[in-house]
Each structure stands twice: as structure tokens, then as C-alpha cells.
Amino acid sequence: MRHRTLALLLGLLMVLAACGDDDTTSTTQPGTETTGGASTTVPGDTTTAPPTAEGGTVRIGWGGSPSSLNPGLGELTEDYTVYELIYNTPITLDMDGNYVSELATDWSVSEDGLTWTMNLVDGATFHDGTPLTSEDVKYTLELYRDCSDWCVYMSSYFDGDEVIEAPDPTTVTITKEAPTGSFEGRMVFMYILPKHIWEGVDPGTFDNTEMIGSGSFTLVEHRQGEYVRLASNGDYWGGAPVVDEVIFQTFENADARVQALINGDVDMITEFPSTAISTLQSDPNITVATGEPLAPDLTDIIFNITEPENCPAEDGICSGHPALRDLQVRLALAHAVDKQQLIDTLLLGLGTPGIAIVPTGLGVWFNNTIEDYPFDLDEANRILDEAGYADTDGNGIRECPASMDCGDRTELSLRMNFPDDSDTGPRLAQTLADWWEQVGVEVQIQVLDPDTLTSVCCPSLDFDVILWGWGSDPDPGFLLSALTCDEIPTGLSESGYCNPAYDELFYAQQTETDLQARIDMVHEMQQILWEDLPYIIPYCALSSEAFRNDRYIGWITDTTKLALEDPSSLNVIRPAG
Amino acid sequence: MTRGSLFLRKALWAVVTIFVVVTFNFFLFRVLPGDPAKAGIKDPRLSPEMVAALQERYGLDKPVLFNTGEGGLFDSQYFRYLGALSQGDLGTSYAYRNRPVSSLLGTALVNTLWLVVPADILSIILGVLLGLVAAWRRGTKLDVGALMFALFTWALPTFFLGILLLFFGSRYLGLPTGGRITIGLDQGLWATAGDVLRHLVLPTLTFALVLLGEYMLIMRSSVVEVFSEDYILTAKAKGLNTFQIIRRHGFRNAMLPLVTLIALNLGFTVSGAIQVETVFSWPGLGKLTVDAVAQRDYPLLQGAFLMLAISVVVANLAAELIYLRLDPRVTEA
């Protein structure tokens, strides 16, 4: 659970590839069939040009495959890439991380902060020709608000108290009982569905194999585990893409993906090993671009610091090493992590050092004023010596001081777990173990499959140290909630961390509608987390993609973010030459 | 004992074996740590209501073996599964929402057979021939060369051989880097068939090379052993030529261990060629099963393992029947 999935935005480059399935769907594409056919007829030649116009077909190699075409059920990055291309949302995130209009031309909040009003664009239509109106928006938002018993993510963007109205065809109002500071962030994934289709089906079991949306691309065919074929929506209200067709092909093996690009079987790839970058860069026909992922991600070193009184009554095992609850131990371990070296060796430089649970890619929300703990093994040893952790039996491992009740775990010997689907996990674990052993802390590494890791993690809290990660929403609210006391029994809290001062700030920022005031609170929360060290955040990885510059040009690469799930590049690229 | 009743007895045993495997697998998967209601949707934001709703939909809210509460003793996960199974219903996948397991398995099986059957045939024919030649020319450079080749391909990790072939085949022979077809080709049946064949070349070759070594080694040692038997000497003394000796006396006796191996390998065919499928992005059974384990997709796992169990048992049954033909002495067993 957690980590690798937050597929939402989920930048986590997991390959939860789905496999052979007969889920082929074919829909005829009015847009493509009517274009191109009416070409000039040369005298004496009665054939017409094939209906493939000059825009051509873009082929993209990726590692996964959509798990569901129903936006309520999707959980993978690949799902959301397809949704972004097929559907529109009221508000979207641009590639510099700003909220900009999509279906909503503008939006505003009432004086009391309780009612949000959105004005919709004129002339948006669904792929079947039906106009998109405020009724569709109202229907969709209410569907997502009430879907907690069947949908995966959507209901988490609502508090349940929202009253949604459609006073006229281009206006939608949302009224809440308490103000929210994250309205825009909640609207970014609200894929507007056609009411006339969805109200006639059971949304929780609807396969949505035709995917009628209002976006710039239409679905042609989807074969689970193999490919997704999309065609340009010639009637798109926002202006049709140049290319005729986009094909996403699944290559489970990253080396095969790289080879496919080099050979020209595909025009663009995402998710390749950083070790392949130099090979790709040496090919003059290939351009490699790197940037922040649309959904910033972070890797974390989680300490189990659950106090006995906070142990979940029902599911808690709470077997964390007692010494980890001592801040001095965590401080020493923080001094024994060289973040820059991890970035250089594990990510070949494609990452930035993290501070607290807010990823560096979240822009204004990231507190960049904190001066991180320097890598200093001598200082780490000094801190542990001073705190009374001495190696009394001379085996190279320190023991708990006599004043501390460590039960039968007197030695500073920690279990360290990481998920088996992590490429960097093994080297990260081994590197940390080497450093920590130099300060007298032994590490026992055990790799677990993500599901087992979840069962030892939370809410059972049956571990010492876990190496894992998060993908983030554009709004930091959700990740920050993982460190509140209330989330210990729910299993969202991975560390068992509980600090009333932090909680107070968390609940205050939730309802703060003044942006700068909320940013200040979020920064202060990061300061607290950095001092209390429930986590060490070694790095936030950058994302990279590579494309053939001899096939298509115009890929957007000069923005801070780089993401295929943002359709803007696919809307503007055009054939080279 | 007559051959007919022998067959009946063996068939009965096969059915019992399959039933035991079905039961064993059912409980085996449920012993794994992890909760399918959560594993399908790995999101911490999952509400308790949704977990409960999912568990109810999957029937996971019922007791595993016997229901001592309301609903009757047999209203449990196990007996519900047996009941559905007896009607040929394999259930609905958790991870691939709302999709019947039978259709998931069916599609993947067809893809896997396309890949594995040609590879099996190729490797058996080549392996047997190579083994025969090597045994006949025992000790020569030809034998040593064939032996080295077989040991090398057998020992080489499958994914590594696959990557090597993918690299050279796609770069220098222009073969596709993966997948089953060129998407969007839309050029009629023959063009499509040719396209599929082109996609099949590298994965089939990889899998065939991996299997070949084992067949060759078994065949070689088996023939070498047979050739040292007195009756071969007698055959030589009778003045039979090499071909006649191999055909009439050597091959048939040497085939026994090979039949065992072929039956075993064919039985496991439906488990797919996991590594080959992964390297070449081939949407087959192996990958489907691996993903099902990761997702704790009980119905899909049960279906895949049931299919595997049936095919292994049937293949073994077939092997025993072939024994009967090849070697009359087997009747006593």
C-alpha cells in the first residue's frame, strides 16, 4: 500500500504492469474517419488518399499498462495519463506547478470562504457530440463525493459536506461547512464524465470501455498489458492536436524499452534506468530531458518511534527498537547519511536532497530555508557517546545505556526492510548499513514484497526501519496528515509519530484560506519534523524521458516539471522535417 | 492387470491429485501475509467502509473453512469456491476489476501457447538430434562442441540470453524489440500474420535455446548408456548399419528418460516462460501469474494454479501411457 501506489499523481515509476487480457475495445472514431478522405483527385486517378493525414502516429514506450478505464477505479500512473488525455478537469496544473484553468475559465470564493464558484468554458463537447454543461460537472462531483464504497482515490478529495449546485449551464457552485485551503488541488483530478452515459450504469462496476470524455484525444483501442491507442479529437474545443494518433506500448523490461527507442520502434520512452542515460545521449537522434515529476516523489527512511501509549489497540504490535524513540539516536543516524553521495551513486545525480515529508518538487510548499544536518560520522559517534550508548562488550555494536529499559534488545541492532519492487532499495540499504555500522549501529537488512511490508508497517508498527517512498498530490496536505497522532490507528502513520504542536498546526492549515499564511504554517511543520526526525528524507528523484528528435519535434522540456501524464506535449508536437 | 483398468486407476489418481492440489492451493494463498482487499488497492486513503465493501464483494468476510455463525456450516470461502468450481466458474479477478478469471487466463494461455509450443517443438527436435549425434560421435570434437554448446545455453540465465538476443536481433536483423504485434499496422490478415511471426522469432529462439540443452544432455547420456548394452553389440554383430541400430534398438530405449522430461516440461508449459515473457513484453501466463501473486489476487492465482496442476497431471498421465507403448514391462508397475 502506501507508497508505491499513490499512483495518482504518482510519480512512482512502478511497473505494476497488467497482463494479457481480452479487454479489447474498439470504438470508431468519427474524427479520424472524416478527415483526410477528401483529398485532391488527380485526373485519371480515382483513388483517394488513405485517411491517415500528415500528423502521423506517435509511439510511446512505457513500463506499465492502465489498470482500469474507469476514473473511479484507476490507481496507476498509466491510468491517470490516459484520463488526462481523454477527459477534462475543471482546473489543471501547468508544467511549472501553477493551477490554471481548463474547463473552468475562472473560479472564486465567497467572503466567508465557504462557497466556491466556477465558470465553465463555452462550447466544450463530449466525443459523442453532446455538449458538456454544468449538469455534467455537478453529476461528476457528486459521484466522486459519494463513492467512498467503490472508488479508489476520488472521494478523498472531498470532505463529504460539499453541496454542489448548477444554477445555469456554465456555472457550478460548491458550498462547504468549513473553509478549505486546498480547493484548486482538489479539482485537478476531477475528470468530468458525461452524465447521460454514467447515470444509466452502475459506476462501481462500469468498465467504461468507450471512454467518452471531452479531452483532446479519443480512445481507439485498449488491450490490457499490451497497448493503448488514442486518436486526435478533431473537434476538440481547445484546438485539435497535430498528430493523428498516439500509441502507448508496454515494454515491461527497461532495457528493451531503451533498445526500442534506439532502434526507432518507438518515438519516445519514459521510465528508463539512469544508467542508460549516457547511452541514449550519445545518439544524435535522441534527446534526453529531465525535470521534476508532475507528481513529486520522495524516498524516505522511516523510524518506528511509537510510544507504548500510542500503540493501536486493535492492530498494534509496536516492536520498534526502544532506542529509536530517543531523539539523540535518530540525530546521530541523520548525521550518518550522506544524501548527496546517495543521489550521485544511486540516481547518477538525478535527484535533490530532501528535508521533511514535503517533496522538493512542491515549489512554494517546500521549506528551502532549513540547513540540513551535515554528513559527519565523528559527530554521530560523539552524539551517541554523549547520550550513553557505549560498546561495553567490544563487539562493535553499541548498547542501550543502563538507565534505559531496552528489554532484551540492549544492542543497537536494527531491522531494516525495503520493498522488493524498488530498483534502488538494495543499494540504498547496503550503503546506509555501511555508514551506520561505522557509528556502532548494526543493521539487518530484509527485503519484503510490498504487501508483506504493509502488514509489518502499519498500523501494526512491527519494524525498526523501513525504506520506502511517497508520490505526492500537488497539495502537501495529504502527506502532512501522515504524521498526525490521529492517523496512527488508521495505518496512515508509518512512524507512530505524535506531537500535539504539529497536530495543532496541521488542523489550522487545513482551513486556512490565506495562501501565504498556510505556506508559513506548512513550512513551520517541516521545521518541526526536521527537528523531531521521524523520517530521514534522503532524496527526491527527478523524472526523465527520452525522445527521437528525428521523428517529432516540439516536446515541451523547458518547464520545471516533466511529465507524460500532462497532455500539453502531445497536443503540440509535430512531425520533424 | 489389464491396460484398461490400469488406465482407469491412473486417471482416478489424477483426479484425486488435482482435488488435493486445489485444496492445498486454496489454503496456501490464504496463509500468505497481506490482505487482498487492501493489496488490490494499495492506498492508505482507503476508507474502512471501502475495505469492508470489498471484502463483502469478494466473499472474504466469510470464514475460511467452516462457518460456525449464521449462514450454515458450509457458507464459507472454501465451500463457496468448490461450489463455483464444480460449475466451471473460476470467479472474478480482484486486481483486474470485474473481469472473469477464465477470460483472463484464456487470453494469456493462447498468447503463451503461441510462444511456447514452437519453442518446445524446436528444442525437442534439435535437442534429440544433437544428443544422438553427440552420443554416436562420442569423444570427437563434434561431441565436445555440442556438449559445450548445450551446457552453455543451459547455464546461461534466461533473461540474460533474452536481452542479448533482443539487442543483436533488433539492432542487426531489424526484428521488433517486444510485444506481440505492431500496433496500428491494420494491413490485412497476411501482413498481420507475418508481423506476428516476426515478433515471435526472438522470444521463441530464446526459449528454445534454454530448453534445448537439457534435452540434448539427457538424450546423449541415455543413448551412450544404451549403446554400451550387449544387445547393441549383438545388433552390430548381426551386420546392421548405424541407422538401423539407432532406429530399431537405440532410439526406442533411449527415449524413456526423454519422455519423462518432455512430459514434465510440457506440463509446465502453461506456467509460461516468465522470464522470456518479461524481457520481450509478451502478454502470457507467466507474467499474469507473477502479477497475481504480487496483488494477492486469490481467484486468479487459484485459476492459474488449477490450470497448471491439471496440465502437469495430464502430461504425466500421458507420459505413463506412452511408457506402456514404449516398454511393455511398465505394465507391472
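Biologist: Which residues does A:V246 touch, not counting residues up to four places away in sequence?

Modeller: This is a predicted model: local features need pLDDT of at least 70, side-chain atom pairs count only at pLDDT 80 or more, and totals for chains, interfaces and linings use all residues. Residues are numbered from 1 along each chain as its sequence is written, while chains are lettered from A and ligands numbered from 1 in the order in which they are written. Two residues are in contact if their C-beta atoms, placed from the backbone, lie within 7 Å. Not counting residues up to four places away in sequence, A:V246 touches A:V58, A:I60, A:F217, A:L230 and A:L570.

Biologist: Which helix of chain B gives the most residues to the core?

Modeller: A nonpolar core is a set of buried Ala, Val, Leu, Ile, Met, Phe, Trp, Tyr and Cys residues joined through C-beta atoms within 7 Å; a residue is buried if 20 or more other C-beta atoms lie within 10 Å of its own, exposed if 12 or fewer, and partly exposed in between, with C-beta atoms placed from the backbone. The largest such core holds 117 residues, of which A:V246, B:F207, B:Y215 and B:M216 touch the most other members. Helices (H or I, at least four residues) and strands (E, at least two) are DSSP runs, numbered from the N terminus. With 14 residues, the greatest contribution to this core from any element is that of chain B's helix α8 (residues 188–227).

Biologist: How many residues does the second, separate core have?

Modeller: Among the members of this separate core are A:A334, A:L362, A:L505 and A:I537. The size of the second core is 72 residues.

Biologist: At which residue does α5(B) bend?

Modeller: At 1.5 Å a residue, the 36 residues of helix α5 (residues 101–136) of chain B should span 52 Å, and the end C-alpha atoms are 49 Å apart, which agrees; the expected span is 1.5 Å times one less than the number of residues. The bend at a residue is the angle between axes fitted to the seven residues ending there and the seven starting there. In α5(B) a bend of about 30 degrees occurs at B:L113.

Biologist: Is B:S281 buried or exposed?

Modeller: B:S281 has a positive phi of about 50 degrees although it is not a glycine. The residue sits in the loop between α11 (274–279) and α12 (285–294) of chain B. Because 29 C-beta neighbours lie inside 10 Å, B:S281 counts as buried.

Biologist: What is the phi of A:C318?

Modeller: Most residues other than glycine have a negative phi. A:C318 is found in the loop between β13 (297–303) and α8 (327–335) of chain A, and with 19 other C-beta atoms within 10 Å it is partly exposed. Although A:C318 is not a glycine, its phi is positive, at about 50 degrees.

Biologist: What is the omega of the cis peptide bond that joins A:C458 and A:P459?

Modeller: Most peptide bonds are trans. A:P459 lies in the loop between α12 (450–457) and β17 (465–471) of chain A. For the cis bond joining A:C458 and A:P459, omega is about 5 degrees.

Biologist: Which residue is the bridge partner of A:A104 in β5(A)?

Modeller: β4(A) runs antiparallel to strand β5 (residues 115–120) of chain A, and five bridges join the two. Within β5(A), the partner of A:A104 is A:L120.

Biologist: Why is one side of β14 and of β16 of chain A left without a neighbour in the sheet?

Modeller: The open sheet of six strands has the order β14-β18-β13-β17-β15-β16 (chain A), with mixed pairing. β14 (351–352) and β16 (442–448) of chain A stand at the edges, so one side of each lacks a neighbour in the sheet because each has a single partner strand.

Methods: Two strands pair if DSSP finds at least two bridges between them.
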